[in-house]
Amino acid sequence: MSKANVRRNIMEKNRSPFREKEKPAQSILSKHLKKVYPIGLQRSNSSLSFSSLSLSLSQNSNDSSLTADSSTPLEQKISLALRLISQHPERREVSVPAKNFQHQPHQSHDNGDGEFRRCNWITKNSDKVYVAFHDECWGVPVYDDSQLFELLAMSGMLMDYNWTEIVKRRELFREAFAGFDPKIVAKMGEKEILEISSDKAIMLAESRVRCILDNAKCIMKIVDEYGSFSSYMWGQVNYKPMINKFRYPRNVPLRSPKAEVISKELLRRGFRFVGPVIVNSFMQAAGLTIDHLVDCFRYSECVSLAERPWRHI
């Protein structure tokens, strides 16, 4: 036998053990990774990083066969990693079926006792009529001239009364002021003024009654110019409610820059009792601005009404 043949035989003998070891190592590695990544792995030229092993393992990852002693350094690393994972089960994420991933509301509007969560100024001691006003009227965009006139008049009464006292007499006001139809109210004279101001149930001073009549006349002038009081008022906010995102009552202002601008405009047109605070209250009640607190159940409802595509234009 030549020296070349001897050398070739020696090299082949030295190579064969490594080849025999490589095959089982690959099969064992494949077996382990299928346990860790059931969906399989794509081939990559980069080396395997154990720090990238997901902690979201199935229950099969605790199979005792994965922790057996291995004969290669690579298998020892796999075994060590799996043992570390099994020793710290609290670090694993719970696998949740895809069907459970449904859209959930960002915030719950239930205060925990079965009642809707409302703005913080609505308490358990609040009068029912005030709660109903908050739940059904306050912040709802209004586009009817008579309703806007009514809310403007009621907001002006806040100089003498609170919302609860005003809302309780709401039907009496409607009866006295002909449903707040500005056409009719603008034509009322001294007789009606005396009758309304002398009504003890209504409790409105003569100056307040005259103010409401004067404002009705101003509204009729606006109707002649703009077609409706609604078009004029909504034009002040570009025909879209101003949506605020206040979280606490202290964040809600008594007056706003927009209310100050509108107040000056109304005063210029001859309106009375329309200061910035009153105008801001009017805007809140009429939905020209959405000032419900963000965790109030009415916030999202009023915002939806404000953003509907068929709103008044």
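Select Asn 280 and Leu 254: the side chain of Asn 280 reaches the backbone oxygen of Leu 254 at 3.1 Å. Keep in mind that this is a predicted model. Asn 280 itself sits in helix 12, which covers residues 276–285. Its relative accessibility is 2%, so Asn 280 counts as buried, the cut-off being under 20%. To see what surrounds Asn 280, display Pro 253, Leu 254, Arg 255, Ser 256 and Ala 259, which it touches when residues up to four places away in sequence are not counted.

Next, go to Arg 170, in helix 6 (residues 170–176). Arg 170 also counts as buried, because its relative accessibility is 13%. Show the side chain of Glu 150 as well: it makes a polar contact with the side chain of Arg 170 at 3.3 Å. With neighbours within four places in sequence left aside, the contacts of Arg 170 are Phe 133, Cys 137, Glu 150, Leu 151 and Met 154.

The next two stops concern the backbone. Select Met 203, in the loop between helix 8 (190–197) and helix 9 (206–226). Its phi is near 60 degrees, a positive value in a residue other than glycine. Met 203 is partly exposed, because its relative accessibility is 43%.

Finish at Tyr 239, in the loop that runs between helix 10 (229–235) and strand 1 (242–243). Tyr 239 is not a glycine, yet its phi is positive, at about 60 degrees. With a relative accessible area of 36%, Tyr 239 is partly exposed.

Key:
Residues numbered from 1 in each chain as written. Predicted model: local features only at pLDDT ≥ 70, side-chain atom pairs only at ≥ 80, totals over all residues. Heavy atoms only, no water. Helix = DSSP H or I, 4+ residues; strand = E, 2+ residues; numbered from the N terminus. Buried < 20%, exposed > 50% of the residue type's maximum accessible area, 1.4 Å probe, protein only. Polar contact = N/O pair within 3.5 Å; in protein donor to acceptor, adjacent residues only side chain to side chain. Contact = heavy atoms within 4.5 Å.
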